[in-house]
Amino acid sequence: MLQNTGKLAGCTLFITGASRGIGKAIALKAARDGANIIIAAKTAEPHPKLPGTIYSAAEEVEAAGGKALACVVDIRDEKQVGDAVQKAVDKFGGIDILVNNASAINLTGTLETPMKKVDLMLGINLRGTYMTSKMVIPHLLKSRSPHILNLSPPLNLNPIWFKNHTAYTMAKYGMSMCVLGMAEEFRGQIAVNALWPKTAIQTAAMDMLGGSDVGKQCRTADIMADAAYAILSQPKDFTGHFVVDEDILRREGIQDFEQYAVQPGHPLLPDFFLDEAPENLAKQMEQHGATPAFKPPSSSSSASSGPIENTFDVIRSVINEDVVKSTQGIYQFDLSGEHEGVWFLDLKSGAGSAGQGEPPVKADVVMKMDSGDFSKMFAGKLKPTMAFMSGKLKIKGDMTLAIKLEKLMGRMSKL
């Protein structure tokens with residue numbers, strides 16, 4: 001781990017989305033120097049599925065040696081942001097550092113993304129980052145070591161990062177464009193930089209996207225906290241950079257990155273937007289899949305039935321009323337390639353059913369993919385979420401049902 005040097009002692013950091021995950025990790029790293037931390041986030045009451053509140057995060061900051069101010073802030077709300085900034089100035093006398101960490105994600109295509117989700121992502125990622133920066137900058141201009149750090153990626157214009165989730169990429173790149181513009185606008189006055197992880201980071205959002213087994217493919221948020229600390233310790237002429245966590249830590253002398261792994265030695269999942277060879281992305285995601293393979297059908301199975309029918313035989317053997325109750329979805333699989341055809345999986349009525357052809361009622365989600373990838377998916381070699389991210393799977397309908405499908409695969413893996 002990168003050692004604290006005390007450079008942030010007495011500095012005041014305004015961190016959005018700091019009640020959990022990467023934002024909280026950065027807050028705790030700075031707190032060990034004796035920094036003042038404004039926890040600006042929405043969660044004031046415990047969430048049924050997500051850990052932490054602004055108040056529990058504030059307690060951790062103070063236990064680590066810092067001073068904390070917990071503010072209920074929806075960064076889409078101009079008044080809430082303005083009030084939090086004023087409270088920070090009143091309590092600590094100014095603001096030295098802004099970390100724009102708050103973000104929203106929804107990985108769906110243009111036709112499948114409701115405008116409510118588009119507005120949410122643009123409102124938080126782009127507008128929220130811009131507005132919070134605008135309100136904090138007058139105070140940063142009075143600081144001796146002013147920084148803005150956005151948790152956003154390099155502006156990679158390869159179409160592979162747009163085609164499956166245009167709205168998310170637009171919103172996330174909006175944060176990066178703030179870096180590009182503000183770094184030049186305030187050059188010599190404020191350091192403005194971006195930070196992005198080389199690999200997936202274990203957070204509540206990543207667990208939602210990749211399922212319960214995705215953690216072993218991730219690094220902890222500590223690597224982002226160390227990288228952020230390295231950036232925020234730089235002079236203000238270090239500006240306009242799109243920094244990757246591992247790169248700056250190597251520059252700081254860190255050589256052992258296994259210490260950041262959730263499960264040391266396990267292959268790591270590459271993060272978005274950093275493709276050196278985009279054509280290999282799908283292959284990488286398959287190799288890094290975490291779902292264990294289920295026992296393949298025995299050789300006594302009829303060869304003429306084909307691999308897809310064999311897979312559906314296994315599916316039919318594990319579905320029951322409990323699976324139906326917990327899933328409540330009807331799937332349609334439009335398969336292309338060697339074993340082209342349409343299949344359905346009804347996990348919405350009775351004890352469930354599955355077979356060839358379209359479902360008896362309209363499907364809640366239609367999943368289009370190559371038949372070979374379908375077999376890999378149900379063999380535990382390709383996660384639905386990873387197949388979607390890599391472009392191997394097209395989803396029309398309820399994205400959450402694709403995540404629920406992974407639970408069924410978990411049952412199959414025990415056969």
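A residue is called buried when its relative accessible area is under 20%, exposed when over 50%, and partly exposed in between (1.4 Å probe, protein chains only). By that rule, 54% of the 415 residues in the protein chain are buried. The model is predicted: local features need pLDDT of at least 70, side-chain atom pairs count only at pLDDT 80 or more, and totals for chains, interfaces and linings use all residues. Residues are numbered from 1 along each chain as its sequence is written, and side-chain values use heavy atoms, with hydrogens and water left out.

**Overall chain**

- The protein chain has 14 helices and 12 strands, taken as DSSP runs numbered from the N terminus (helices H or I, at least four residues; strands E, at least two).
- Of the contacts (heavy atoms within 4.5 Å) with a separation of 6 or more, 72% are between residues 24 or more positions apart.

**Nonpolar cores**

- A nonpolar core is a set of buried Ala, Val, Leu, Ile, Met, Phe, Trp, Tyr and Cys residues joined through side-chain atoms within 4.5 Å.
- The largest such core has 81 residues, and Phe-333, Leu-345 and Leu-405 have the most contacts inside it.
- Helix α5 (residues 166–185) gives the most to this core, with eight residues.
- Beyond its neighbours within four places in sequence, Leu-405 contacts Tyr-331, Phe-333, Leu-345, Met-367, Met-377 and Phe-378.
- A second, separate core has 45 residues, including Leu-8, Leu-28, Leu-195 and Ile-254.

**Asn-100**

- Asn-100 belongs to strand β4 (residues 97–100) and counts as buried because its relative accessibility is 2%.
- Its C-alpha atom is 6.3 Å from that of Ile-15, 85 residues away along the chain.
- The Asn-100 side chain makes polar contacts with the side chains of Ser-133 (3.1 Å) and Asn-150 (2.8 Å).
- A polar contact is a pair of N or O atoms within 3.5 Å; within protein, one must be able to donate a hydrogen and the other to accept it, and residues adjacent in sequence count only if both atoms are side-chain atoms.

**Asn-106**

- Asn-106 sits in the loop between β4 and α4 (115–140), and is buried because its relative accessible area is 15%.
- Its side chain makes a polar contact of 2.7 Å with the side chain of Thr-108.
- Not counting residues up to four places away in sequence, Asn-106 touches Thr-113, Lys-117, Met-121, His-165 and Tyr-168.
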